[in-house]
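Have the sequence and the 3D view open as you read.

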Amino acid sequence: MIDGARRVGKSYLAQEFAKNEYESYILIDFFTAPDEVKELFEKYLSDLDTLFMRLSAYYSVTLHERNTLFIFDEVQFFPRARAAIKYLIADGRYDFIETGSLLSIKKNTQDILIPSEERHLRLNPMDFEEFLLAIGNDTLFPFIKDCFEKRVPLGQALHRKAMDLFRLYLIVGGMPQAVKEYVASKNFERVDQIKREILELYRNDIQKHAKGSELKAEAIFDEIPAQLSKHEKKFKLSSLKKNARMRDYDDAFMWLKDSRIVNVCYNADEPNVALKLNMTRTTLKCYMADTGLLISHAFDENGLVSEEIYKKLLFGKLELNEGMIFENIVAQMLVANGHKLYFFSKADNEDSSSRMEIDFLITKNKITSRHNIQGIEVKSAKRYTISSLKKFKAKYAEFVDACCVLHTLDLKEADGIIYLPVYMATMM
């Protein structure tokens with residue numbers, strides 16, 4: 001099961017895999033499949049010879065035992081086919097890939113037994129490495145990775161080049177259609193139009209599928225840029241409705257998270273290895289799953305981000321706090337690298353040494369009895385302070401493995417803190 005947001009490239013990926021690895025394949029798009037195809041799964045699940053024969057005839061594809069792949073595309077629109085996987089896998093003649101969005105929504109799972117044979121792969125928007133490959137640069141990222149592993153700076157010229165390309169990645173984003181349009185036309189307005197179509201698709205999905213929570217989910221979705229533009233970036237429900245409570249909006253946040261439209265980051269009360277056990281669900285930050293979409297979402301006064309705004313963003317000349325954009329892209333890269341999102345916020349009016357805000361907490365890949373947590377601060381400006389990170393490092397020394405600043409400058413180490421260029425977040 002390839003699981004991911006709408007328009008993230010699930011169907012394309014499955015088809016390319018099928019073309020390259022199998023002698024033949026059949027793609028069944030259950031969003032457009034006629035009733036006569038769906039009825040085959042109802043009538044012949046106990047007679048797989050007939051089922052396969054009729055599918056082969058309908059799609060005019062010759063089946064080859066152990067060398068044909070079936071792709072059940074948009075399987076959420078026909079849950080019966082998803083339930084049938086159990087029997088199709090047991091038969092053993094062919095291989096199967098499912099793709100889907102909104103898979104955990106009740107109406108897409110009711111009345112079926114989810115097959116234990118499913119192995120889930122989450123497909124995220126393209127990361128920085130994939131973006132570089134898409135635009136034809138296959139040499140820079142291996143060099144960046146080598147510098148990261150050796151903890152050495154890239155040097156002024158190559159760092160500047162890497163930051164220029166990273167800013168391009170920021171504004172185009174990682175949605176395959178937007179990247180493809182940029183590669184073809186280099187026209188930011190055309191790229192923006194594609195991103196707006198995706199945003200409108202997401203709004204339609206919310207209205208159609210977030211039953212019982214559609215108004216709240218849409219209100220949250222529309223409020224994301226404004227919330228991220230604030231200093232603390234924690235989502236304030238009072239901006240949606242006076243005296244709003246998280247228990248009233250929890251289902252809406254979970255729907256947006258499950259749909260892969262957003263990445264939700266929860267506050268962890270204590271920075272130890274069991275971050276999930278110390279998670280506070282009522283205090284969270286809500287990021288867009290793709291930063292390119294966030295930019296189109298944020299600058300929507302005229303329905304289109306102008307070429308001029310894109311160029312100012314590209315060269316870092318736009319007069320706004322870029323913190324929300326850089327923090328969003330770091331969240332996106334951490335998720336793509338398999339991390340759950342947590343932050344650390346401690347308010348103490350009496351003791352300033354206990355008052356701190358850390359943008360992200362992640363755990364080491366190899367867990368030990370102590371020193372498992374990495375604290376991460378994201379800085380978009382060239383001049384900044386890191387008082388919270390220093391206090392965090394000193395107070396929680398027994399839990400902290402490393403503290404890191406992701407910034408726009410080159411790599412360096414000082415006073416036990418590693419300063420990484422922000423594009424290296426994809427390797428953490």
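How many cavities of 30 Å³ or more does a search of the whole structure find? The answer is two. Please keep in mind that this is a predicted model.

## The largest pocket

Start with the open space. The largest pocket holds about 820 Å³, and 27 residues line it. Nearest its centre you will find Val 8, Gly 9, Lys 10, Tyr 12 and Pro 176. Four elements, α1 (10-21), β2 (24-29), α5 (128-134) and α8 (176-185), each give two or more residues to this lining.

## The largest cavity

The largest cavity has a volume of about 110 Å³ and a lining of 18 residues. Look for Ala 5, Asn 124, Pro 125, Arg 260 and Ala 289, which lie nearest its centre. Helix α14 (residues 323-336) is the biggest contributor to this lining, giving three residues.

Sorted by class, the lining of the largest cavity comprises 11 nonpolar, four polar and three charged residues.

## The second largest cavity

The second largest cavity has a volume of about 40 Å³. Its lining is made up of Arg 167, Leu 170, Ile 171, Ile 295, Leu 313, Glu 322, Ile 325 and Phe 326. Both α7 (156-172) and α14 give two or more residues here, with the largest share, three residues, coming from α7.

Which classes make up the lining of the second largest cavity? Six residues are nonpolar and two are charged, with no polar ones.

Conventions. Residues are numbered from 1 along each chain as its sequence is written. This is a predicted model: local features need pLDDT of at least 70, side-chain atom pairs count only at pLDDT 80 or more; totals for chains, interfaces and linings use all residues. Side-chain values use heavy atoms; hydrogens and water are left out. On a 1 Å grid over the protein atoms alone, a cavity is a set of points where a 1.4 Å probe fits but cannot get out, and a pocket is an open set with protein on both sides within 12 Å along at least five of seven lines; lining residues have an atom within 4 Å of a point. Grid points are joined across faces, edges and corners, and a volume is the space filled by probe spheres set on the points. Ala, Val, Leu, Ile, Met, Phe, Trp, Tyr, Cys and Pro count as nonpolar, Asp, Glu, Lys and Arg as charged, and the others, Gly among them, as polar.
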